[in-house]
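Subject: Handover of a structural model

Dear colleague,

Please find the structure for your review below. I would be grateful if you could read the notes that come after it with the coordinates open.

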Amino acid sequence: MFFEFPVVSLQSIMRENIISKAEELFLSFGFKSVTMDDIANAMGISKKTIYAHFANKTELVEVVTFSILDHISEGIDRINGESSNPIEELYDIKMFVMNYFKNERVSPQYQLKKYYPQIFERLQIKQFEKMHSSVENSLKMGMDTGLFRPDINIDFISRMYFNGMTGIRNISIFPEELFDKNYLFESYLEYHLRAIVTKSGLNLLNNYIQSNLTPNAS
């Protein structure tokens, strides 16, 4: 009896390796700073090999950007399926995202917005679609379990949440030398949740903060 296994071509493997290495470098040094030569040198291949898979750097930036979004979305979906309550769920998502970008040394988002504005705009739309759906489900769960107020406007709150989460990554408003990223995310989550929790939700939030979060420090 013969078994058929999917055939992965060497071309496909090379393409994925280029995307992976480019993502690593882009997140570490920024979309503008990293050149095609940098990626080729880091991989020990010729620049011609990269151009066999991507017509130019802009195309590579776009592919890497949406690859990152896909990975983040998969992680969020997994957390959504495993969470016990919407309060811990949001913090688990925060931790997942922070860990994913733990080697980020610059602000790739800032460089993407400045040097690749069309890609940035498309990314924002996709990010909103994903986060809006996830937060709406989280809000409904919180209302059904009595942790969130029954009178909140789900559509409005989910949009405000997205606006806030993207806003705190704006380094012109929150300079990196003044605000630690973890502090910003933790503070915004607490700010968001305190506005919508019930008394039982507040008790759960306070207990979670005391047990799990790092001390606030600017």
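Overall architecture

Please bear in mind that this is a predicted model. The protein chain contains 10 helices and zero strands, so that the order of elements from the N terminus reads α-α-α-α-α-α-α-α-α-α. Its C-alpha trace spans about 60 × 60 × 30 Å along the principal axes. Of the 218 residues, 40% count as buried. Taking the contacts between residues at least 6 apart in sequence, 72% join residues at least 24 apart.

In soluble globular proteins, nonpolar side chains tend to be buried together. Here the largest nonpolar core has 31 residues, and Phe26, Ile39, Leu60 and Leu112 are those with the most contacts inside it. Two or more residues of this core come from each of H1, helix H2 (36–43), H4, helix H5 (86–100) and H7. The greatest contribution is that of H4, with nine residues. A second, separate core has 24 residues, including Ile152, Ile168, Leu205 and Tyr208.

Helix H6 and Leu112

Helix H6 covers residues 108–115, and its buried residues are Pro108, Gln109, Gln111 and Leu112. Viewed down the axis of H6, these buried residues fall within an arc of 165°, and they therefore line one face of the helix. They pack against helix H1 (10–29), helix H4 (57–82), helix H7 (117–144) and helix H8 (154–167).

Leu112 deserves a separate entry. Not counting residues up to four places away in sequence, Leu112 touches Phe31, Val61, Thr65, Pro117, Ile119, Phe120 and Leu123.

Ser134 in helix H7

Ser134 is found in helix H7. Is this residue, Ser134, buried or exposed? Its relative accessible area is 8%, under the 20% limit, and Ser134 is therefore buried. Leaving aside neighbours within four places in sequence, Ser134 is in contact with Ile76, Asn80 and Ile93.

Helix H8 and Ile154

H8 has 14 residues and reaches 20 Å from its first C-alpha to its last, which is close to the 20 Å expected at 1.5 Å a residue. At the start of H8, a side-chain oxygen of Asn153 comes to within 3.2 Å of the backbone nitrogen of Asp155.

Which residues of H8 are buried? They are Ile154, Ile157, Ser158, Tyr161, Phe162, Gly164, Met165 and Thr166. The buried residues of H8 pack against H5, H6, H7 and helix H9 (181–194).

Ile154 lies in H8. With a relative accessible area of 18%, Ile154 is buried, because the limit for that class is under 20%. Not counting residues up to four places away in sequence, Ile154 touches Glu136, Leu139, Lys140 and Met143. As a reference distance, Ile154 and Tyr110 are 44 residues apart in sequence and 29 Å apart in space, C-alpha to C-alpha.

His192 in helix H9

His192 has its place in helix H9. It is buried, with a relative accessible area of 8%. Which residues does His192 touch, not counting residues up to four places away in sequence? His192 touches Leu90, Ile157 and Tyr161. Of these, Ile157 and Tyr161 are among the buried residues of H8.

Aromatic rings

A pair of aromatic rings is described by the distance of the centres and the angle of the planes. The structure holds eight aromatic pairs. In the pair of Phe174 and Phe179, the ring centres are 5.4 Å apart and the planes stand at 80°, so the pair is edge-to-face. Phe174 is partly exposed, with a relative accessible area of 25%. Phe179 also counts as partly exposed, at 25% relative accessibility. Elsewhere, Phe96, Tyr100 and Phe101 form one aromatic cluster.

In short, the points to inspect in the viewer are the core of 31 residues, the one buried face of H6, the buried residues of H8 and the edge-to-face pair of Phe174 and Phe179.

With kind regards

Technical notes: Residues numbered from 1 in each chain as written. Predicted model: local features only at pLDDT ≥ 70, side-chain atom pairs only at ≥ 80, totals over all residues. Heavy atoms only, no water. Buried < 20%, exposed > 50% of the residue type's maximum accessible area, 1.4 Å probe, protein only. Helix = DSSP H or I, 4+ residues; strand = E, 2+ residues; numbered from the N terminus. Arc of directions from axis to C-beta. Contact = heavy atoms within 4.5 Å. Core = buried A, V, L, I, M, F, W, Y, C linked by side-chain atoms within 4.5 Å. Expected span 1.5 Å × (residues − 1). Polar contact = N/O pair within 3.5 Å; in protein donor to acceptor, adjacent residues only side chain to side chain. Phe/Tyr/Trp six-rings, centres within 6.5 Å; stacked < 30°, edge-to-face > 60°.
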